[in-house]
Amino acid sequence: MNRAVVDKIANAVLYEGYVLYPYRPSVKNKQRWTFGGIYPQAWTTSHNASDPCLMQTECLLEGPGPTVHIIVRFLQLIDRTVGQLSDQSFHPVPFLEIAGKRYQPWQEAIEREIDLGEFSLADLLATIEQPFCFLAEKTEEILRAADNHPAGILWRRRESIQLSICMSAQTLSENLSRLTITITNQTSLSPSPADCSAWSRDEVLLRALVSTHTILGIRDGEFISLTDPPSHLKQSAQNCQNIGAWPVLVGTEPARDTILSSPIILSDYPEIAPESPGDLFDGLEIDEILTLRIMTLTDEEKKNAAATDERVGQLLQRTESLARQQMMNLHGAIRGMKPTAGSQP
């Protein structure tokens, strides 16, 4: 598994929809987490499965005795609130400006990676289930004025998440097997009512896995493309049941040693456009259009955006420093053309 190559694609998936243009609190950014969410089971049950509580990946692998490396990655959200010092104590406020810098409430995120390690096919023929828990945490960050006196505070709250990862394999023929990875959110929402009516979606999101995806590597064997399987394996590929996940081959074509199972539909061997100066986070982003839109933001809008998130501040700085040739490179590119099946040259 070439992690350097895989991580470029996986990180783009991880932060897909993390923050959307116009990159500041707005109606558009009230529901950013639309890809790869795995929610507590009680919430899913009470909301008719519109927010799923599990993600399942199934794929085919060839080889009499392969070894599979399994990695699960997701974002865990953090609730950030802002307080202002008044009467010797801090009180929550909608936003705060200190020394020319603005601070405001937001849902931040931290990256989580669960490296389950390697498993032989023989190991996986007997189902393996592993539980994991990420503990709750609360932190405070004092904001100081120019004279170094306390002027504000950032409260950050992270809730506990419990999940399980179930791994199994089934032999389909002498050299063909089907691998199944199921990720389930087992976080409790008690002591709320059974219908979860007391919970807001924002509170539930703090207990959800966001932008979840699975990375699979293989030794002594190869994965089969589910997008374009060999003709004799098409039925086996169609029988794979993927729930909220889309497994594709990644790496350098035609290698078949790595799969990225993503909540976003990708083609086999996806690539980041070499002209792209960096991630713009927006779903179905078009670098040129979004870059030009960012450059039309007023100074006040840029200030609001930078107060949203550190990554947005870096995005603004990167966009404003683009050289003319970098901008021109964004204006379309043809990588090459090849005939479709049955077409004339």
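Reader: Which residues of the largest nonpolar core touch the most other members?

Author: A nonpolar core is a set of buried Ala, Val, Leu, Ile, Met, Phe, Trp, Tyr and Cys residues joined through side-chain atoms within 4.5 Å. Here the largest such core has 31 residues, and Ile165 and Met167 touch the most other members. At least two residues each come from strand 1 (54-62), strand 2 (67-86), strand 6 (106-120), helix 3 (121-125), strand 7 (128-134), strand 10 (161-173), strand 11 (176-185) and strand 12 (210-219). Strand 10 gives the largest share, five residues. Helices (H or I, at least four residues) and strands (E, at least two) are DSSP runs, numbered from the N terminus. Apart from this core lies another, of 29 residues, among them Val204, Ala208, Leu297 and Leu315.

The model is predicted: local features need pLDDT of at least 70, and side-chain atom pairs count only at pLDDT 80 or more, while totals for chains, interfaces and linings use all residues. Residues are numbered from 1 along each chain as its sequence is written, and side-chain values use heavy atoms, with hydrogens and water left out.

Reader: What is Met167 in contact with, beyond its neighbours within four places in sequence?

Author: Contact means heavy atoms within 4.5 Å. With those neighbours left aside, the contacts of Met167 are Ile70, Leu116, Phe119, Leu124, Ala126, Thr127, Ile128, Gln130, Thr180 and Ile181.

Reader: Which residues of helix 8 are buried?

Author: Buried means under 20% relative accessible area, exposed over 50%, and partly exposed in between (1.4 Å probe, protein chains only). In helix 8 (residues 310-320) the buried residues are Val312, Leu315, Leu316 and Thr319. They span an arc of only 95° around the axis, so they are on the same side of helix 8. The arc is that of the directions from the helix axis to the C-beta atoms. Glu310 and Gln317 are exposed, on the face of helix 8 turned away from its buried side.

Reader: What covers the buried residues of helix 8, and which residue caps its N-terminal end?

Author: The cover includes helix 6 (287-295) and helix 7 (299-308). The cap is Asp309, with a side-chain oxygen 2.8 Å from the backbone nitrogen of Arg311. A polar contact is a pair of N or O atoms within 3.5 Å; within protein, one must be able to donate a hydrogen and the other to accept it, and residues adjacent in sequence count only if both atoms are side-chain atoms.

Reader: Where do the buried residues of helix 6 pack?

Author: The buried residues of helix 6 are Asp287, Leu290, Thr291 and Ile294. Their arc around the axis is only 100°, which puts them on the same side of helix 6. They pack against helix 7, helix 8 and helix 9 (324-329).

Reader: How many aromatic pairs does the structure have?

Author: A pair of aromatic rings is described by the distance of the centres and the angle of the planes. Rings of Phe, Tyr and Trp (its six-membered ring) pair if their centres lie within 6.5 Å; planes under 30 degrees apart count as stacked, over 60 as edge-to-face and the rest as tilted. A search of the whole structure gives six aromatic pairs. One of them joins Tyr15 and Phe281 edge-to-face, at 6.3 Å centre to centre and 65° between the planes. Tyr15 is in the loop between helix 1 (3-14) and helix 2 (41-46), and Phe281 is in the loop between strand 15 (258-262) and helix 6, so the pair ties together parts 266 residues apart in sequence. Tyr15 is buried, at 6% relative accessible area, and Phe281 is buried, at 6%.

Phe281 also forms a tilted pair with Tyr18, at 5.8 Å centre to centre and 55° between the planes. Tyr18 is buried, with a relative accessible area of 0%. Ring pairs link Tyr15, Tyr18, Trp33 and Phe281 into a cluster.

Reader: Is Arg157 buried or exposed?

Author: Arg157, in strand 9 (residues 150-158), counts as buried at 19% relative accessibility. Its side chain makes a polar contact of 2.7 Å with the side chain of Glu203. Leaving out residues up to four places away in sequence, Arg157 touches Leu77, Ile78, Asp79, Glu137, Lys138, Glu203 and Leu206.

Reader: How many disulfides are found?

Author: A disulfide is a pair of cysteine sulfur atoms within 2.5 Å. A search of the whole structure finds zero. The sulfur of Cys133 is 18 Å from the closest cysteine sulfur, in Cys53, which is too far for a bond. Cys53 is buried at 14% relative accessibility, whereas Cys133 is partly exposed at 43%.
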